Amino acid sequence: MKALWLIAALAATTGQADPPATADAPAAAPEAAAASETPAKPLPRLDLRRAHAPAGDAQAGKGKSEVCAACHGADGIAITPAFPNLALQKADYLYWALHAYKDGRMPESPMTPMAAPLEEQDIRDLAAYYASLPHPPPPADTAPADPIDPGLLAQGQRLYMAGDPAKGIPPCQGCHGADGRGNAQAAYSDRSGRMPYAAYPLLRGQQNDYLQTRLQQFHDDAIDASTNSRVMHGIGKQLDADSIKAVSTWLSSLKE
Ligand code: HEC
Ligand code: HEC
């Protein structure tokens, strides 16, 4: 019954016809405080302290992914460095990201019209499908890749692993994993069933330009979709252009 109440509350607060809530996986409830503090915002941000998302059917998702392949590649590896890879990304992260686009919580992008027609089941299936794909293989056409400045790579790796205390930047690995494959506590569930780290994204091998754009958006406070985007804004505002370039270049260079 509690889950039903949550569904009703979510639908009433956001005006959504199909809230991403089910009895087996309670949805993130909107933050009442955020809604009343920022009346200008059309939607309260998603509360992702309960980030665990309902499971989908990867096989069904594969069938639905044809339209996505035009930009994200048939194997989930984006066709240009400006678009994100989806292969091996965390299903919980993908699920909430798709809802954020669908609800209009993200800045306008080519993704906005793509997410609009997706139904709840499509979102579950697509999230399951992309999360099931193997880690990004090296792109086929990069045999004679431009040599990357080793100093830049070292700077990026240092920032990711150790942060930069002088600039107030914490180590990225604390939240995104020492290997960049997502939060080490992703499966952690507290006593009230919250899974606060489930939707922390994988960054390893992500596309360089996409990472830089995204980090700049966090820096500029351009993303206010969820409690998780608030967490990342806190980090992003400490990042200068130099740090963004270094850490993005290093992360995107990790191909295995
Ligand atoms: C026309 C190109 C295009 C198509 C087609 C497309 N996308 Fe996207 N997608 C993008 C772009 C560009 C972004 C980054 C948008 C931004 O800056 O917020 C993105 C972002 C995403 C993200 C967020 C990734 C992250 O790391 O945060 C997900 C998930 C996603 N797309 C899934 C899909 C799915 C599923 C489909 C098919 C239903 C699809 N996309 C179709 C261009 C596209
Ligand atoms: C305190 C935890 C925390 C730390 C430390 C942290 N992040 Fe994040 N990061 C997050 C969360 C949570 C998200 C998901 C935000 C969302 O859903 O909008 C995120 C999202 C991101 C994204 C977007 C991924 C995508 O696919 O769109 C990038 C890029 C990123 N972080 C890079 C970094 C870098 C680089 C650092 C280190 C300088 C860092 N993060 C440190 C918690 C953290």
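Residues are numbered from 1 along each chain as its sequence is written, and chains are lettered from A and ligands numbered from 1 in the order in which they are written.

Ligand 1 is surrounded by 18 residues, and the closest are C68, C71, S109, M111 and M114. The elements giving two or more residues to the shell around ligand 1 are α4 (66-72), α5 (91-102) and α6 (111-115), and α4 supplies the largest share, five residues. The shell around ligand 1 holds 16 nonpolar and two polar residues, and no charged ones.

Taken as a whole, the protein chain has twelve helices and zero strands. Of its 256 residues, 38% count as buried, a residue being buried if 20 or more other C-beta atoms lie within 10 Å of its own, exposed if 12 or fewer, and partly exposed in between, with C-beta atoms placed from the backbone. Among contacts between residues at least 6 apart in sequence, 66% join residues at least 24 apart, two residues being in contact if their C-beta atoms, placed from the backbone, lie within 7 Å.

The axes of α10 and α12 (residues 241-253) come within 8 Å and cross at roughly 145 degrees; axes are lines fitted to C-alpha atoms, for helices over the stretch in contact, and angles run from 0 to 180 degrees between N-to-C directions. On the side of α10 the contact is made by N208, L211, Q212, L215 and Q216, and on the side of α12 by I244, K245, S248, T249, L251 and S252. By class, this contact of α10 with α12 has four nonpolar, six polar and one charged residues.

The loop between α9 and α10 holds A198 and A199. A198 counts as buried because it has 26 C-beta neighbours inside 10 Å, and A199 is buried because 28 other C-beta atoms lie within 10 Å. Leaving aside neighbours within four places in sequence, A198 is in contact with A51, H52, D92 and A186, whereas A199, on the same terms, is in contact with L48, A51, K90, D92, Y93, W96 and N228. In C-alpha to C-alpha terms, A198 lies 6.2 Å from A187, eleven residues apart in sequence, while A199 lies 8.4 Å from A53, although 146 residues separate them in sequence.

Two further loop residues deserve a look for their backbone angles. L88, in the loop between α4 and α5, has a positive phi of about 70 degrees although it is not a glycine, and L88 is partly exposed because 18 other C-beta atoms lie within 10 Å. D221, in the loop between α10 and α11, has a phi near 60 degrees, a positive value in a residue other than glycine; D221 is exposed, since 12 other C-beta atoms lie within 10 Å.

The confidence of the model remains to be considered. The protein chain averages a pLDDT of 84, and 79% of the residues score at least 70, pLDDT being the predictor's confidence in each residue, from 0 to 100. Over residues 1-36, however, pLDDT stays under 50, and for this stretch the model has 53 contacts beyond four places in sequence. Where pLDDT is low, the predicted coordinates should not be read in detail.

Definitions and conventions:
This is a predicted model: local features need pLDDT of at least 70, side-chain atom pairs count only at pLDDT 80 or more; totals for chains, interfaces and linings use all residues. Helices (H or I, at least four residues) and strands (E, at least two) are DSSP runs, numbered from the N terminus. Ala, Val, Leu, Ile, Met, Phe, Trp, Tyr, Cys and Pro count as nonpolar, Asp, Glu, Lys and Arg as charged, and the others, Gly among them, as polar. A residue is near a molecule or strand if its C-beta atom, placed from the backbone, lies within 6 Å of it.
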